[in-house]
Every structure is written in C-alpha cells, then in structure tokens.
Amino acid sequence: MEQLNKRILTLDLIKGISVIGMIIIHTLLVYANVKSQYETAIGSFIVFLGRGTSIFLICMGITFMTSSHQSLKSALKRGVLLVFAGLFMNFMKFMIPVIFNFAPDNFIQKYGWHAPIEQQYVYLVQLGDILQLAGMSLLFVGFIREYVKNKYIILAIGLFVALISREVSGINFDYPVINYVLDLLFNTDYPAYVYFPVFPWMAFIIIGMFFGKWFQELNYNSKQLFRNMLYVGLVFVAVGAPLVFLYGGYNYNGFYHMGPGGVVYFAGWTLIFLWIIYTLTVNSKENKAIKVLKYCSRNLTSMYMIQWILISWGKGIFGYRQHSIGYVLVLILFYIILTFSVQTLVDLIRKKKTLFYFQQTSVDETVLKE
C-alpha cells in the first residue's frame with residue numbers, strides 16, 4: 001500500500017504542476033505579443049512547456065486503469081459530461097464577452113471577421129479543446145478497459161490509433177452534427193475547430209492505460225513501473241526520432257496533428273520525463289507545496305475551466321497579444337491567485353450544498369422514524 005501511495009503522489013504532483021503550468025502558458029499565449037512569445041528566453045521556454053499535453057494524457061490513462069470507478073457505464077457517463085463541459089467552457093469563454101460587449105477587436109480580426117460577429121462566435125463555441133478530447137476518448141477507452149485484459153493488446157491498440165491517424169484525418173460528411181463529431185475525431189485544419197483531435201491524441205491515453213495495467217500486474221510496485229517507463233521511453237525515442245526528423249512531412253506535420261512517428265517520439269520523451277519526476281519525488285514528504293499540488297490535482301477539471309474562462313474574459317480588459325514579457329509575468333501571478341480564489345469559492349458552495357443535503361436527509365429520516 002505504501003508503494004501505491006507513492007505512485008499516486010507522483011502522478012498527483014505532475015497533474016498539480018500541469019494546473020499551474022497551463023495558467024502560465026495560456027496567460028502568455030493570450031496576452032504576450034509575438035516578440036515576447038518567441039524572441040525572449042522566458043517566452044520561448046513557456047511556449048515549449050505548452051508541448052506537454054502528452055504528459056497529462058499518459059497520466060490520465062494510468063489513473064483510468066487504477067481508478068476505483070471501473071465500470072463501463074461510469075466511463076461513458078464521464079465522457080459525455082466532459083464533452084458538454086468543454087462546450088460550456090467555450091460558451092463562457094467566447095459568448096459572454098460578445099453578449100456583454102467586451103470582446104477585443106484585434107481578437108476578432110485574427111479570424112478575419114467583421115461586425116456583426118455573433119454568428120462567428122457560435123463557431124468558436126464548437127472549438128475542440130482538451131476536454132472534448134478527454135470526453136470523446138473515454139467513449140472509446142471505456143470499452144478497451146472493460147474487454148481487453150492483455151496489456152500488450154492495449155499497447156497495440158494505442159499504436160494502431162497512432163498508425164492510422166494520418167490516413168483517417170479529414171473524414172467528414174455534409175451533415176452538421178455528424179460533421180462536428182467527425183471533426184472532434186479526425187480534424188486536420190488547425191486552428192479551425194479542433195486543437196486536439198481524438199486521432200492521434202487518444203493514443204497517448206491508451207499508452208498510459210498499458211502502463212496502468214502493467215502497474216496492476218506488478219502488484220503496485222511503483223519503482224519497477226517507472227523503471228519500465230524509462231526503458232520503453234528510450235525505445236520509443238529511438239524509433240520515433242528518425243521518423244520525425246527524416247520523414248517529418250507524414251510523421252509530424254505540426255504539434256497538434258502529428259502522425260505515428262510523432263506520437264511514438266513524444267510518448268518516449270514523456271515516459272522518460274515521468275521516470276525523472278518519480279526519481280525526484282519518490283522520497284518526498286508532505287509539505288505545503290505538495291498539499292497545494294495535490295489540491296490542484298483533485299480539482300484539475302474545474303481549475304482548467306476556471307482559468308481559461310478568466311483569462312479569456314480578461315482580453316476585454318488587458319487587451320489581446322499586446323504586452324511585453326514583464327507585463328505578462330505580472331498577469332500570470334494575478335491569474336494564478338484569481339484561479340485559486342474562484343476555485344476556493346466553488347469549494348465553499350459545494351460544501352454548503354453537501355451540508356444542506358445531509359441536513360435535509362437527516363430531517364427526512366427523523367420524520368420517517370416518527
């Protein structure tokens with residue numbers, strides 16, 4: 001049980017760091033001018049951090065296999081909820097500024113739009129982000145967890161998803177609702193509609209599931225699991241590197257729509273990174289920093305939504321992609337504090353609702369007994 005706790009701590013720390021990291025990344029991308037993003041050391045480093053999506057997805061796959069909620073029904077239900085959560089987040093990000101007339105003009109001009117823009121903003125509500133990817137993927141991987149018991153078959157499925165992703169990309173029909181679902185699965189037109197199409201990004205989740213299954217077979221021996229991650233990661237990098245650097249047109253073609261070689265290459269570096277983090281944190285003792293990161297991990301989905309909504313609303317106040325790196329660093333600190341403050345408020349509302357529910361239940365039980 002001690003090893004299981006260590007393993008959970010390592011992944012919680014990584015997911016907690018990702019919460020802080022995404023606030024930093026999104027604030028830079030929204031508020032920093034082009035020079036600050038790409039011609040300063042700090043900006044370039046933060047943009048580089050934005051390439052860490054695979055870390056979150058592999059962690060998601062591992063925890064999906066070791067979660068206490070193992071039913072197919074729970075996976076499908078959560079998948080649907082995440083897709084709608086993504087749409088709700090987009091509505092709050094994009095439509096609220098339009099409705100209350102504080103959307104910045106240069107953000108609108110980025111898309112080549114002119115007033116009236118209400119119809120175009122409806123288009124933005126449909127953008128596919130990480131929540132839609134996670135939700136749509138759960139509708140698939142729930143069946144894998146339910147019916148596939150051999151870890152190597154799970155890995156083969158993940159690699160197959162990566163292998164065919166380039167071939168199935170761009171599939172669509174002339175039916176709006178069906179097309180939207182197909183875009184979430186196979187879209188290739190970044191930045192239109194979908195940043196993270198299920199094919200190939202679901203492959204990272206399934207690779208994580210392979211290690212989650214392996215973890216169970218190792219009787220929750222976290223040290224051996226992360227050592228295995230290192231070995232597999234080195235093999236993946238060795239296989240993926242020549243595909244990316246020699247045949248990049250097919251195997252990479254940009255971060256958001258990479259081909260099979262890109263998936264294997266990024267997965268390899270991700271697994272090596274996870275081993276490094278485990279090595280650095282395996283003997284960590286509980287302190288305030290770890291408590292904060294564990295708090296972020298527990299509230300990852302809600303904090304993701306909160307920070308994106310707040311940062312998007314701020315475009316109408318602070319402007320869009322206009323500021324130097326110094327100004328952006330101040331905004332990063334501001335949005336970290338603001339995100340935690342709003343999350344704390346959400347927690348208080350939840351606690352009050354829970355307390356009211358238990359009080360009401362107690363009253364009802366008392367009446368029934370009488």
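**Burial, helix span and salt bridges in a predicted model**

Mentor: L127 is located in the loop that runs between α7 (118-125) and α8 (130-147); helices here are DSSP runs of H or I with at least four residues, numbered from the N terminus. This is a predicted model, in which local features need pLDDT of at least 70 and side-chain atom pairs count only at pLDDT 80 or more, while totals for chains, interfaces and linings use all residues. Residues are numbered from 1 along each chain, and side-chain values use heavy atoms, leaving out hydrogens and water.

Trainee: Why is L127 called buried?

Mentor: Buried means under 20% relative accessible area, exposed over 50%, and partly exposed in between (1.4 Å probe, protein chains only). L127 has 5%, so the residue is buried.

Trainee: What makes Y220 partly exposed?

Mentor: Its relative accessible area is 30%, so Y220 is partly exposed.

Trainee: Why is the contact of K151 and E217 called a salt bridge?

Mentor: The term requires a side-chain nitrogen of Lys or Arg within 4 Å of a carboxyl oxygen of Asp or Glu. The N to O distance for K151 and E217 is 2.7 Å, hence the name salt bridge. K151 lies in α9 (residues 151-168) and E217 in α11, so the pair ties together parts 66 residues apart in sequence.

Note on methods
Helix = DSSP H or I, 4+ residues; strand = E, 2+ residues; numbered from the N terminus.
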